[in-house]
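Open the structure in your viewer and keep the selection tool at hand. The stops below say what to select next and what is there.

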Amino acid sequence: MKSNTELGKTLEVSGLWHAPGAVLVAISTFLSANAQVLRTPEPTAQAARSLALTDLNGLIVTGGKAETVEYQGRQAVRLTTQSKEDVFAFLKGIQIQDGTIEADVAMKVTTPPGVRMPGFIGIAFRARTDASHYELFYLRPGNSHSEDQAMRNHSVQYVAAPGFDWYKLRREWPWIYESYADVQPEKWTKVKIEVHGRTAKLYVNGSENPSLTVNGLKGEDLQGSVALWGYSGEEAYFSDLKVISAKAEAVINDGEASGTWEVKFASDYGSYEGSMNLHRDGSAVQGTWSGAFGQDQQISGTWHNGYVELTFNGTWPSEKPAPVTATLAGWIDGDTAKGRMKVEGRADGQWAALRKK
């Protein structure tokens, strides 16, 4: 996924049922929401919807082709693309904010021998059907059994569009948005995605424990479509799909950065505290930091619809002080925020909890 995900950057603050010949999409609730503020509506029950594998009218396909086929003994949808763009198959009429998505997926590489291709297959959620905005979990089955541990650690990945591709997330927040999972090419893999508020978890092969947990989802759309996702140079297969919406968790976009914030930062070296006095002028954020890492350190950063990215320079508090650069980023949810704080030079990318005074 060259444009948004793959082929070879950041910051964060917080706050199946198999029916032969059919993909069954079960919708237990429908959640309506305001674009900026999502309260917690009571779920409304809906009847299950079925998308027959012999009829692709239930899909909106962009960037490639969808076909109904039999693969390894079961009915499936196959996605392919001849371009360098990603291929999406959006489920018509399906909107999800919080809930669970389950599917069996399989991927077959079609690039020539000798061309390294780990393979990419995944499921997007909270997506727009023009593929301009989405959150995405995807698998790289070819990496899972590599002899190189670094490659093994790139087996499952989270990205969000626009603005948060794999390269950006890997370089700016190493090991936060990708992980290892036991997956293989050309074999069916059961995946489950749980989404609640700003948190999403990816489960693989029926495990009770998630292979990847994302705290502080990057997408600015709090509700959207579900899509099957594939990539050039491969065949992506999907079967036994189920989508069940859940009661929506109250989440607010457009949180205000201006004010005085108390910060608690948990790191590999211990816990550190400080305060930020911030002022916002349009998308620009300025202010000062006082506490661990220095007093009255100048902060600069950006704000967009409640998502902030902040940076300041300071000194690591130890017997041998060293200059450091601290970064925070993520969503402001009212008067609280939770997310990531990274102190470069100490490889910390740990939780930071913020609360307005």
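Select G291, which is found in strand 21 (residues 284-291); strands here are DSSP runs of E, at least two residues long, numbered from the N terminus. The model is predicted, so local features need pLDDT of at least 70 and side-chain atom pairs count only at pLDDT 80 or more, while totals for chains, interfaces and linings use all residues. Residues are numbered from 1 along each chain as its sequence is written, and side-chain values use heavy atoms, with hydrogens and water left out.

Then show E273 and G274, with which G291 is in contact when neighbours within four places in sequence are left aside (contact means heavy atoms within 4.5 Å).

Next, go to the second largest cavity, with a volume of about 50 Å³. A cavity is a set of points on a 1 Å grid over the protein atoms alone where a 1.4 Å probe fits but cannot get out, and lining residues have an atom within 4 Å of a point. Grid points are joined across faces, edges and corners, and the volume is the space filled by probe spheres set on them. Of the 11 lining residues, select M276, V308, L310, I332 and L354, which lie nearest the centre. Strand 20 (270-281) and strand 23 (307-316) each supply at least two residues of this lining.

Now select strand 7 (residues 87-91), where five of five residues are buried. In a regular strand, side chains alternate between the two faces of the sheet. On one side of strand 7 are V87, A89 and L91, on the other F88 and F90, and all are buried.

Which strands pair with strand 7? Strand 4 (residues 59-62) runs antiparallel to strand 7 and is joined to it by four bridges; pairing requires at least two DSSP bridges. Select L59 and L91 to see bridge partners from these two strands. Strand 16 (residues 225-230) also pairs with strand 7 in the antiparallel sense, over four bridges. There, F90 stands opposite A227.

Finally, select I101, which touches I96, I123, F125 and V226, among others, not counting residues up to four places away in sequence.

How values were computed:
Buried means under 20% relative accessible area, exposed over 50%, partly exposed in between (1.4 Å probe, protein chains only). On a 1 Å grid over the protein atoms alone, a cavity is a set of points where a 1.4 Å probe fits but cannot get out, and a pocket is an open set with protein on both sides within 12 Å along at least five of seven lines; lining residues have an atom within 4 Å of a point.
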